[in-house]
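Thank you all for coming.

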Amino acid sequence: MARGRLIVISGFSGAGKGTVVKRLVEKYNYSLSISATTREPREGEVDGRDYYFKTVDEFKSLIDYNGFIEWAQYVENYYGTPRKFVEEELAEGKDVILEIEVQGAMNIKSQYPDAMLIFITTKDIVTLKDRLVGRGSESADVVEKRIRRAAEEAETMPSYEYIIINDDLEACVDAVNSVVVADRCKKENQTEFLIDIKKQLEDYTR
């Protein structure tokens, strides 16, 4: 069985990457790695479905036990990707989506060079701020912190293989799936198949 592929999805806070990821799982049956975080749950979020909500002490204990593939601090909270789930899903041949911020994405790429890096963005800064304010869950100060953080994250965008604008949700979801399928078809990602089909043809023509 071919090993699954890691698909890392990052993006500015407010760009809608969480909604895009949920639709990818619903529409195309990707496996989703649920992150752990120390931030407070937003309205409607459920522990074990949206995130694993941890105290700072619980999170740091998992760091000490090497329980994360990657972790990072973002706007005063910690976020991390649990190691066990990801490794098991990849071993079963499933494509796994990681929805993580840019520092974590760079850490993943260093450990998994074949991982695909996709960045989700709004079409402009006005749209980004409107979406952040429209959440209604964060103070004006936090909104400004997230926009300043976006300016820092923009510096890492050239490190991503694909940049996709989320102006229409379904179009964005389909675009992400399309680049994953196209990437899987690259000859360098079909090495085993090329060897196998060549051998079959050689055996047949003997």
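At what angle do helix 5 and helix 6 pack, and how far apart are their axes? Before I answer, please keep in mind that this is a predicted model, in which local features need pLDDT of at least 70 and side-chain atom pairs count only at pLDDT 80 or more, whereas totals for chains, interfaces and linings use all residues. Residues are numbered from 1 along each chain as its sequence is written, and side-chain values use heavy atoms, with hydrogens and water left out.

Now to the helices. Helix 5, residues 125-135, and helix 6, residues 140-153, pack at an angle of about 145°, with their axes 10 Å apart; the axes are lines fitted to C-alpha atoms over the stretch in contact, and angles run from 0 to 180 degrees between N-to-C directions. Helices here are DSSP runs of H or I of at least four residues, and strands are runs of E of at least two, numbered from the N terminus. On the helix 5 side, the contact (heavy atoms within 4.5 Å) is made by Ile125, Leu128, Lys129, Leu132, Val133 and Arg135, and on the helix 6 side by Val143, Glu144, Arg146, Ile147 and Ala150.

Four strands form an open sheet with mixed pairing, in the order 4-3-6-5, where two strands pair if DSSP finds at least two bridges between them. Strand 4 (52-53) and strand 5 (68-74) are the edge strands, each pairing on one side only. Strand 3, residues 36-37, pairs with strand 4 in the parallel sense over two bridges, and threonine 37 has phenylalanine 53 of strand 4 as its bridge partner.

Two loop residues also deserve a look. Most residues other than glycine have a negative phi. Asparagine 29, in the loop between helix 1 (17-28) and strand 2 (31-33), has a positive phi, near 65°, and at 68% relative accessibility this residue counts as exposed, exposed being over 50%, buried under 20% and partly exposed in between, with a 1.4 Å probe and protein chains only. Asparagine 66, in the loop between helix 2 (56-64) and strand 5, likewise has a positive phi, near 60°.

Finally, the chain as a whole: its secondary structure comes to eight helices and nine strands, and of its 206 residues, 40% count as buried. The C-alpha atoms fill a box of roughly 75 × 40 × 30 Å, taken along the principal axes.
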